[in-house]
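Please keep the structure open as you read.

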Amino acid sequence: MKQIDIENWKQKQHFNFFYRMDYLQYNICMDIDITHFLAYTKEQHLPFYYSMIYAAMHVLNTIEEFRYRIRDGKVILHDQVHPSFTDTSNDPEDDLFKIVTLNLDGTLSQFTHAARQASNNQQIYFDPTNLAGRDDLVYITCLPWINFTHLSHTITLNRNDSVPRISWGKYIQKEKKILLPFSVQVHHALADGLHVGNYINNLQKYLDEIK
C-alpha cells in the first residue's frame, strides 16, 4: 500500500472536481456473456457463484483505479483488494443473508473451496472481525432471482466511502448465448467510465478464454 501524491497525480483535477460533490458514486449495468465460463465451471464441478467472485476480483485487481481508496481526503493505493460477499445461510429455513469476507488467494479452484468453507463455517450474519477498519475490500452481492437492468446500493453519504460494489443477477439464455446482468458501482473521484469499460472488456476476455 502507498499514499498517492495528489499534487503530482495525473488524476488531480478530476479528483478535486468530483470530490466536492454530494453524491460521488455512480453505477453502470450491462450484460456479460458467460456462455463459456458457465460451461467451464460445470465441467470442473466448481460452484458458479464463488467462481464468478474469483473472476470478477482477479480481473479487478489488474486495474489500478479499482484499488484506490480515500482516507480523510488522502488517496491510497492498495497492492491487492479482496472480496466481501453476501451468501445464503447454512439453515435452509433461514432466508436471511450473511456477509463473508476472505482473501483472494490461490487458483480459481482453491478459492472456491476456501470460499465455500468460510461460508459454511460462519455462523453469524455479520462478522465485524473481518470488516472493522478495512477498506481493502470490494463489496459483492448476487440477486439470482432477478434478471435486472438497473441496480442501486445503500450507501452512507460519506465522500470517503470509496469501496466498489460489484453485483450480478439471474442469467438468461438469449439465442445461443447465456447473458448475466452485471453491475459496477465506483467512486467518480477515483474511476471514470473508461476504467469501468476497461474492467468489463478485460473481464469478458477472461470469461471467454479460461481453460
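This is a predicted model: local features need pLDDT of at least 70, side-chain atom pairs count only at pLDDT 80 or more; totals for chains, interfaces and linings use all residues.

What covers the buried residues of α1? Hold that question until point 3.

1. **Overall form.** The C-alpha atoms fill a box of roughly 50 × 40 × 30 Å along the principal axes. A compact globule of 211 residues would have a radius of gyration near 17 Å, and the chain agrees with that at 17 Å. Of the 211 residues, 49% count as buried. Now take contacts between residues at least 6 apart in sequence: 72% of them join residues at least 24 apart.

2. **Helix α1.** This helix runs over residues 12-19, and its buried residues are Phe 15, Phe 18 and Tyr 19. They cover an arc of only 100° around the axis, so they sit on the same side of α1. Here is the reply to the opening question: the cover includes β3 (68-71), β4 (74-77) and β10.

3. **Helix α2.** Look next at residues 35-43. Phe 37, Leu 38, Tyr 40 and Thr 41 are buried in this helix. Viewed down the axis, the buried residues of α2 fall within an arc of 160°, which means that they line one face. The face turned away from that buried side carries Lys 42 and Glu 43, both exposed. Among the elements covering the buried residues of α2 are α3 (48-60), α4 (108-121), β10 (177-187) and α5 (193-209).

4. **Backbone angles to check.** Most residues other than glycine have a negative phi. Asp 72 is not a glycine, yet has a positive phi of about 50°. Glu 175 also has a positive phi, near 60°.

5. **Where two of these sit.** Are Asp 72 and Glu 175 buried or exposed? Asp 72 lies in the loop between β3 and β4. Its relative accessibility is 68%, so Asp 72 counts as exposed. Glu 175 is in the loop between β9 (172-174) and β10. Glu 175 is exposed too, with a relative accessible area of 75%.

6. **Surface and charge.** The accessible surface of the chain is about 11,500 Å², and 51% of it belongs to carbon and sulfur atoms. There are 20 positive and 24 negative side chains. The centres of these two sets lie 5 Å apart.

Definitions and conventions: Residues are numbered from 1 along each chain as its sequence is written. Side-chain values use heavy atoms; hydrogens and water are left out. Buried means under 20% relative accessible area, exposed over 50%, partly exposed in between (1.4 Å probe, protein chains only). Helices (H or I, at least four residues) and strands (E, at least two) are DSSP runs, numbered from the N terminus. The arc is that of the directions from the helix axis to the C-beta atoms. Contact means heavy atoms within 4.5 Å. The radius of gyration is taken over C-alpha atoms; the globule rule is 2.2 Å times the number of residues to the power 0.38. Accessible areas come from the Shrake-Rupley method with a 1.4 Å probe; for residues, only the protein chains shown count as cover. Lys and Arg count as positive and Asp and Glu as negative; His and the chain ends are not counted. The place of a charge is taken as NZ of Lys, CZ of Arg, CG of Asp or CD of Glu.
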